[in-house]
Amino acid sequence: MKQSQQTTLRAAVTLLGVGVHSGDEVKMILHPAEVNHGIAFLRTGLPGGLDRLIDARHLAVTATELCTVIGDRDSGAVATIEHLMAALAGLGVDNVLVEIDGPEVPILDGSSAPFIEAIDEVGVTAQNAVRRYLKVLKPVRVTQGKAFAELLPNERAFRLDVEIDFPTPVIGRQRKAIDLSPSVFRRDISRARTFGFMRDVEKLWSAGFALGASLENTVAIGENGIMNPEGLRYADEFVRHKILDAVGDLSLAGLPLLGTYRSYCGGHRLNFSVLEALFSSRSNYAIVDAGARRETGYAEIGNNIAMPAFAPEVH
């Protein structure tokens, strides 16, 4: 499959599960979509039998507390979209319609792996249209106390360099960097699960969060270690999941990125804020085609071809 082409699913695929925060049962269908459609959510099951179409773009984000939410509660919203969005972005899937009959994407096992398995069931197909990329032209940075997130120019790939620092020996300070590609995402990131602290459970429940959380979908951190009997999937699963979240959140740019993302103690709020900073000025970015000729002024490498974001083999 040529990575310079847009892609979609070969056929529809259905997933069933519960929302990690709402605890509600939900049915979700991933449908193929036409070129330049992007990722959009069709929220069904609303009062009065109404449906609502919500583009998966940063402008649709309405909440970033513990998860990323698009749409609004009054007219229809979808929460915890980041793990699905990460799977689509990680595999380089451009155009999908996500039909969902509840307020939250199912958590499944707390990672992107079940979404990848569903996509693999039907496969991905190239479309007759050139893939476009969002190229970062200038550094943009946002801060929140000691935490920060920034996007930097990078013509070679979409690179993520993420560092976390938790005041507990169970996690501590972890840092990991990757150049995003389908193979790297599958192997190194996709299976990393969401995590939470047992000491926060009652507070989250009283606030209406984590009602569907369990040891089947969350890495639970106790006072003296991991509560899950199977342990961790990666020795540094926590920072890998933060990368997974960032891949999903940053895909709300609407196009795959050509740039480097760096964060320290970041999360959904900072991921969203750095996209706001990027789009605050048209001089911060350019939209380039994956086959642009030299005379267009688009960035190119090698044989007059702009490198795709998913190109870790380029060194």
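Mentor: Happy to. Keep in mind that this is a predicted model.

Trainee: What volume does the largest cavity have?

Mentor: About 50 Å³.

Trainee: And which residues line the largest cavity?

Mentor: Its lining is made up of V162, E163, I164, K242, A246, Y261, S263, C265, G266, G267 and N271. Now place them on the fold: β14 (158-165), α5 (237-250) and β18 (257-264) are the elements that each give two or more residues to this lining. The top contributor is β14, with three residues.

Trainee: How many nonpolar, polar and charged residues are in that lining?

Mentor: Sorted by class, there are five nonpolar, four polar and two charged residues around the largest cavity.

Trainee: Let's turn to a single residue. Is T8 buried or exposed?

Mentor: The general idea is to check the relative accessible area, where under 20% means buried. T8 has 5%, so T8 counts as buried. You'll find T8 in strand β1, which covers residues 5-9.

Trainee: Which residues does T8 touch?

Mentor: Leaving aside residues up to four places away in sequence, T8 touches P32, A33, V93, N95, G123, V124, T125 and Q127.

Trainee: What lies 2.5 Å from a polar atom of the T8 side chain?

Mentor: That's the backbone oxygen of N95. N95 is also one of the residues on the T8 contact list.

How values were computed:
Residues numbered from 1 in each chain as written. Predicted model: local features only at pLDDT ≥ 70, side-chain atom pairs only at ≥ 80, totals over all residues. Heavy atoms only, no water. 1 Å grid on protein atoms, 1.4 Å probe; cavity = no way out; pocket = protein on both sides within 12 Å on 5 of 7 lines; lining within 4 Å. Points joined across faces, edges and corners; volume = space filled by probe spheres on them. Helix = DSSP H or I, 4+ residues; strand = E, 2+ residues; numbered from the N terminus. Nonpolar A, V, L, I, M, F, W, Y, C, P; charged D, E, K, R; others polar. Buried < 20%, exposed > 50% of the residue type's maximum accessible area, 1.4 Å probe, protein only. Polar contact = N/O pair within 3.5 Å; in protein donor to acceptor, adjacent residues only side chain to side chain. Contact = heavy atoms within 4.5 Å.
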